[in-house]
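The entries are in the order I looked things up.

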Amino acid sequence: MKQLFTKMLPRFVAMATTVTMGMAALTLSTMATAADGDVKAGQSKAAMCIGCHGIVGYQNVFPEVYKVPMISGQSAEYIAAALNAYKKGDRKHPTMRGIAGTLNEEDIADLSAFYAASGTGEAAPEAQTAATADVAALLAKGGCVACHGVNYSKPLDPSYPKIAGQHADYLYSALRAYKITGNKVAGRNNAIMAGVVSQFDNAELKAMSKYLSTLDGELVVKPQSRFR
Ligand code: HEC
Ligand code: HEC
């Protein structure tokens with residue numbers, strides 16, 4: 001009997017592992033509702049976003065001046081992750097914290113689905129302007145393409161952002177934000193990107209931002225009228 005049990009033990013372990021993995025998958029799929037939002041509902045909820053995200057060239061002024069990021073065409077998972085980061089306070093931008101704080105899980109799912117569906121709808125082109133040797137070396141050092149993907153538009157994980165074609169001044173501000181700690185109105189807490197940006201000085205971050213912004217990406221600003 002004891003022998004039989006010993007023989008069976010690996011099987012029990014295997015079974016238990018399968019059950020645990022099954023439960024983990026269940027938890028993940030419950031959390032993944034962020035991706036299951038309702039595009040139509042999101043469209044009407046976006047009325048509170050278009051005053052900034054729906055105006056071409058609109059500038060953020062506090063705590064710094066830069067163009068409001070393009071969010072149409074980001075993946076739903078990343079949009080939801082970003083909104084939750086503002087809501088939790090991991091991202092400190094005051095206005096976005098205030099706005100995200102008013103959104104519940106369903107709002108976030110709907111808005112994320114809507115903005116994900118309102119991008120260019122076309123994959124970023126394969127052939128892109130090559131970076132200068134200096135910038136190429138910086139991008140290689142940071143391993144950026146490994147996570148942000150081919151053309152900086154096919155992230156390794158859907159909760160990572162597409163960055164190609166995003167506004168240069170916003171990219172630069174976002175990169176610097178990962179270096180800021182202990183400031184109430186600026187900064188982002190993210191272990192991955194904090195590690196990445198710590199290898200670079202601001203001039204290097206700016207040079208990479210400038211190059212990335214020149215690439216054809218999948219992000220756009222869709223003015224309000226196009227929704228109607
Ligand atoms: C008053 C202007 C304003 C309004 C209104 C606004 N946003 Fe924003 N949003 C911004 C700015 C500025 C940023 C960049 C903040 C930062 O630097 O982290 C931002 C960032 C974001 C990001 C992160 C983008 C990225 O690339 O990481 C998402 C997602 C977002 N907003 C979604 C929304 C949604 C959804 C709404 C409506 C419910 C909304 N915003 C309303 C100004 C605004
Ligand atoms: C190990 C994976 C990884 C690597 C390597 C990486 N990133 Fe990121 N990056 C991320 C993740 C994850 C986020 C989202 C962080 C958050 O939620 O704020 C991000 C966010 C960003 C953002 C903010 C985008 C936005 O819309 O706000 C920029 C800009 C960025 N990365 C640029 C870079 C550059 C440039 C490099 C190389 C120097 C790089 N990343 C390397 C994973 C990575």
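This is a predicted model: local features need pLDDT of at least 70, side-chain atom pairs count only at pLDDT 80 or more; totals for chains, interfaces and linings use all residues.

**Entry 1: ligand 2.** Here I found 23 residues around the ligand. The nearest are Gly 142, Cys 144, Cys 147, Ala 174 and Asn 190. Which helix gives the most to this shell? Helix 8 does, with 4 residues. At least two residues each come from helix 4 (76-88), helix 7 (133-142), helix 8 (144-148), helix 9 (168-177) and helix 10 (191-197). By class I have 17 nonpolar, 5 polar and 1 charged.

**Entry 2: helix 4 against helix 5.** Their axes come within 8 Å and cross at roughly 100°. An angle of 65 to 115 degrees counts as roughly perpendicular, so I logged helix 4 and helix 5 as roughly perpendicular to each other. On the helix 4 side, Leu 83, Tyr 86 and Lys 87 make the contact. Helix 5 answers with Met 96, Arg 97, Ala 100 and Gly 101. The class count for this contact is 4 nonpolar, 1 polar and 2 charged.

**Entry 3: helix 7 against helix 11.** I looked at helix 11 (residues 202-214) next. The axes of helix 7 and helix 11 come within 10 Å and cross at roughly 105°. This pair is therefore also roughly perpendicular. Asp 134, Val 135, Leu 138 and Leu 139 of helix 7 meet Glu 204, Ala 207, Met 208 and Tyr 211 of helix 11. I counted 6 nonpolar, no polar and 2 charged residues in the contact.

**Entry 4: backbone.** Most residues other than glycine have a negative phi, and most peptide bonds are trans. I looked for exceptions. The peptide bond from Phe 62 to Pro 63 is cis, with omega near 0°. Pro 63 sits in the loop between strand 1 (59-60) and strand 2 (66-67).

Asn 151 has a positive phi, near 60°. Tyr 152 has one too, at about 55°. Asn 151 lies in the loop between helix 8 and helix 9, and Tyr 152 is in that loop as well.

Is Asn 151 buried or exposed? Asn 151 has 21 C-beta neighbours inside 10 Å, so I marked it buried. Tyr 152 is buried too, with 24 other C-beta atoms within 10 Å.

Key. Residues are numbered from 1 along each chain as its sequence is written. Chains are lettered from A and ligands numbered from 1 in the order in which they are written. A residue is near a molecule or strand if its C-beta atom, placed from the backbone, lies within 6 Å of it. Ala, Val, Leu, Ile, Met, Phe, Trp, Tyr, Cys and Pro count as nonpolar, Asp, Glu, Lys and Arg as charged, and the others, Gly among them, as polar. Axes are lines fitted to C-alpha atoms, for helices over the stretch in contact, and angles run from 0 to 180 degrees between N-to-C directions. Angles under 35 degrees count as roughly parallel, over 145 as roughly antiparallel, 65 to 115 as roughly perpendicular and the rest as oblique. Two residues are in contact if their C-beta atoms, placed from the backbone, lie within 7 Å. A residue is buried if 20 or more other C-beta atoms lie within 10 Å of its own, exposed if 12 or fewer, and partly exposed in between; C-beta atoms are placed from the backbone.
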